[in-house]
Amino acid sequence: MQRSTKSTVIVAAIALAAFVTSFSTITSGSSTVALAEVEQGGQAPPAANTPPKPLVPVAASSVAANPDPYVGEYVTMTGAVEANLTKTSFSVDQDKTKSTGKEVLVLAPTMQKPVDQNGYVTVIGQLIKFDEKDVAAKLKDYKLDLSPADVAKFKGKPVVLATAVINNAGIDVAKKPIPPMSADDLTLQKIMTKLPTAQAAVRKSLDSKDMAGAKEQATLFKDSFTQIEAFFKSKGNEEAMKIAAEGKQHADAMLVNLGMSNVEAAKTSVTPLGGVCGNCHGKFRDRMEDGTFRIKTAG
Ligand code: HEC
């Protein structure tokens, strides 16, 4: 008994460590820069769940006893589940053998399945004092589903707005499944995957004054941006169309200058052309946790 409790705690601790590591990798400046260089302007946005402040480890009992020092902080809070309240909410207590009456509310909009009653959990998220209006302001797409009685009960009490809920099997039950790539994603991916190589190739061709090579790459850009523009036109996304059209202009300008054998002038299009990629990715590309991408519809 003693042993199994210990090992599950260790598993949870490992899962937590993995989490914290992934946060720090994503936020560390150098990895972002490395990605941007590879892709020439296609910078990786931070993951949606990245907390803006360091995480504060805390026990639910400490929060229940004295919440004030933690209000506004991003916490990793451990505790025993007191009750599953709704599909996206539960309460946490300090002791799994008895109810202490001092519970901390957890709202986890992305909960995929309930937590085990009395099981230990580690919850990651911002801690605030519960107020319907504040919750609505912080969790824009979330519809609070607590009963009026619970809304009244927890008013002014500490609540964690959780982005991760790790159970005692080390599984994050608030992790959204990664959606499969749609036909549209695959269409766009096919065009996109050629572009980073073309960017490297066009630089090389221009540097070595390989006119034929540079023309070939610039033509590939022009064709690709034309296809990207047509794609977003079919989706009625005017802003993305405009960005693609801008890319096409830079490719055109490069072709015109290459036509006049003016390599130096052609080179001036390389950087703005790369900037177009990042512009669109920042608005219309989503990065999944597994490193794959999806089209983002709401800019
Ligand atoms: C108008 C919008 C737009 C422009 C311009 C654009 N991209 Fe993309 N790009 C996207 C979107 C959306 C995705 C995600 C596609 C998907 O669902 O896989 C993407 C995905 C990618 C990927 C990931 C492909 C994969 O799945 O491995 C790469 C690499 C990429 N783009 C490179 C570029 C480069 C380089 C440029 C500029 C030369 C560029 N893109 C210009 C919108 C754009």
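Me: What span does α9 reach from its first C-alpha to its last, and what is expected at 1.5 Å a residue?

Reply: In this predicted model, α9 has 22 residues and reaches 31 Å from its first C-alpha to its last.

Me: Why are the buried residues of α9 said to line one face of the helix?

Reply: The buried residues of α9 are Ala240, Ile243, Ala244, Gly247, His250, Ala251, Met254 and Leu258. Seen down the axis of α9, they fall within an arc of 110 degrees, so they line one face of the helix. The face turned away from this buried side carries the exposed residues Glu238 and Gly259.

Me: Against which elements do the buried residues of α9 pack?

Reply: They pack against α8, α10 (263-267) and α11. Just after α9, Ser261 takes a positive phi of about 55 degrees.

Me: What makes Lys194 partly exposed, rather than buried or exposed?

Reply: Lys194 has 13 other C-beta atoms within 10 Å. A buried residue needs 20 or more, and an exposed residue has 12 or fewer. The value of 13 lies in between, and therefore Lys194 is called partly exposed.

Me: Where is Lys194 placed, and which residues is Lys194 in contact with, leaving aside its neighbours within four places in sequence?

Reply: Lys194 is in the loop between α6 and α7. With those neighbours left aside, its contacts are Leu220 and Ser224. Lys194 and Leu220 are 26 residues apart in sequence, yet their C-alpha atoms are 8.9 Å apart in space.

Me: Why is the ligand said to lie between domain 1 and domain 2?

Reply: Domain 1 (2-166) and domain 2 (183-295) both give residues to the shell around the ligand, so the ligand lies between them.

Me: Which residues come nearest to the ligand, and which element gives the largest share of the shell?

Reply: Of the 27 residues around the ligand, Asp185, Met192, Leu195, Cys277 and Cys280 come nearest. Among the elements that give two or more residues to this shell are α6 (183-192), α7 (195-207) and β8 (293-295). The largest share, five residues, comes from α11.

Me: How do the residues of the shell divide into nonpolar, polar and charged?

Reply: The shell holds 15 nonpolar, eight polar and four charged residues.

Me: What share of the chain is buried, and how many helices and strands does the chain have?

Reply: Buried residues make up 30% of the 299 residues. The chain has eleven helices and eight strands.

Terms used. Residues are numbered from 1 along each chain as its sequence is written. This is a predicted model: local features need pLDDT of at least 70, side-chain atom pairs count only at pLDDT 80 or more; totals for chains, interfaces and linings use all residues. A residue is near a molecule or strand if its C-beta atom, placed from the backbone, lies within 6 Å of it. Helices (H or I, at least four residues) and strands (E, at least two) are DSSP runs, numbered from the N terminus. Ala, Val, Leu, Ile, Met, Phe, Trp, Tyr, Cys and Pro count as nonpolar, Asp, Glu, Lys and Arg as charged, and the others, Gly among them, as polar. Domain bounds come from an automatic or database domain assignment. The expected span of a helix is 1.5 Å times one less than its number of residues. The arc is that of the directions from the helix axis to the C-beta atoms. Two residues are in contact if their C-beta atoms, placed from the backbone, lie within 7 Å.
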